[in-house]
Amino acid sequence: MKESIKFLPISLFGSVMGLCGFSVGMKHYAHVIENDGFKSIVMGLGVLLEVLAFVSFIALCVAYIAKMVMFFENVKAEWKNPVTKSFFGTFFIAILLLPLLIADYSLTLARIVWSIGAIGMACFAVYVVSTWIMNAHEVAHNTPAWIVPVVGTLDIPLAAWLFKDSVEIHYFSIAALSVGLFFAVPLVTLILSRIIFFQKLPEKLMPTLMILIAPFAVGFLAYHSQFPTVDNFSLGLYFIGIFVFLAVSGQLLNLSKCCVFRVSWWAVSFPLAALFNATVALAGSPLSQNTWLFSALAVVMFVICVVIFIWLVYRSASGILQGELANLA
């Protein structure tokens, strides 16, 4: 167990992000479904994923604190590494998403947790951008994980409705939305430039290509949270997310061929969950009254997400129980 903690990567908090996102999506999808039997199944899955999200977050916090105490040099190495440093943002994003689940039980606690996550995410984003500006980096350092620290600010508005009467929180959410969308464009461009013209990603980071979906899927959700009416701009963000998903989905089909299972495969979960949530939001909007498109897409995304999440949970749990964490990191 001690050796497993030594190799526990901060990026594993991405699993909490995925579990939270899919749990929220399931609950929202249950309200869109008309069949009572299927509705109950989907709601039940949402509750199960919610429990897994809470348990996973608590377990990871305890384990990573233990790692900081027993193997501080390993934590320090993760922080100094220009590639893995970005994954520390997954911790703050997980804190930002948990209030979406906590709000059903305690509005006050949800507000406290969101405030911690929002402040932490904003400070981390400023710090990371500062290091990018102040220090020279190699092309190899530029990976899809670079999207996490800054574009992660798009997750701030998702639970801002907890403070619906606060003008200050509204302005803060708009600022977070603006920063996230602004930095999404150059970061995605830089990442694609590296992959297309310079060098491919190493095998263990190939699954992180799915992170390229996040700026557009989460961007849609963040924009929709502040401007509930679906307009052409939000639709544009959604369809770009669908396009990127189709462009990199071949990676999903070839994961077992391109590389052995690693924790980085959890990078697939949250972008898919975000795209599922965006699809469900459209399926439940007035737009769906005039077309079957979004309802059909919701079913497709539901099936894909269920299969992917079951496999990720099973493979991660079996690997950790068998003491393979050193090989999975």
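**Close-up views of a predicted all-residue model**

**View 1. The largest cavity.** The largest cavity holds about 250 Å³ of space. A cavity here is a set of points, on a 1 Å grid over the protein atoms alone, where a 1.4 Å probe fits but cannot get out; grid points are joined across faces, edges and corners, and a volume is the space filled by probe spheres set on the points. The model is a predicted one, in which local features need pLDDT of at least 70, side-chain atom pairs count only at pLDDT 80 or more, and totals for chains, interfaces and linings use all residues. Residues are numbered from 1 along each chain as its sequence is written, and side-chain values use heavy atoms, with hydrogens and water left out.

**View 2. The lining of the largest cavity.** Lining residues have an atom within 4 Å of a point. There are 23 of them around the largest cavity, and Met 17, Thr 90, Val 148, Ile 211 and Phe 270 lie nearest its centre. Helices H2, H5, H7, H9 and H12 each give two or more residues to this lining; helices (H or I, at least four residues) and strands (E, at least two) are DSSP runs, numbered from the N terminus. By type, the lining has 15 nonpolar residues, seven polar and one charged. Ala, Val, Leu, Ile, Met, Phe, Trp, Tyr, Cys and Pro count as nonpolar, Asp, Glu, Lys and Arg as charged, and the others, Gly among them, as polar.

**View 3. The largest pocket.** About 720 Å³ of space lies in the largest pocket, a pocket being an open set with protein on both sides within 12 Å along at least five of seven lines. Its lining has 28 residues, with Val 24, His 28, Leu 221, Asn 277 and Ala 281 closest to the centre. Two or more lining residues come from each of helices H2 (14-32), H5 (89-102), H9 (214-226) and H12 (269-283). The lining comprises 18 nonpolar, eight polar and two charged residues.

View 4. Gly 152 sits in the loop that joins helix H7 (147-151) to helix H8 (167-198). With 4% relative accessibility, Gly 152 is buried (under 20% relative accessible area; exposed is over 50%, partly exposed in between; 1.4 Å probe, protein chains only). Apart from neighbours within four places in sequence, Gly 152 is in contact with Ile 93, Met 121 and Ile 147, contact meaning heavy atoms within 4.5 Å. Between the C-alpha atoms of Gly 152 and Met 301, 149 residues apart along the chain, the separation is 22 Å.
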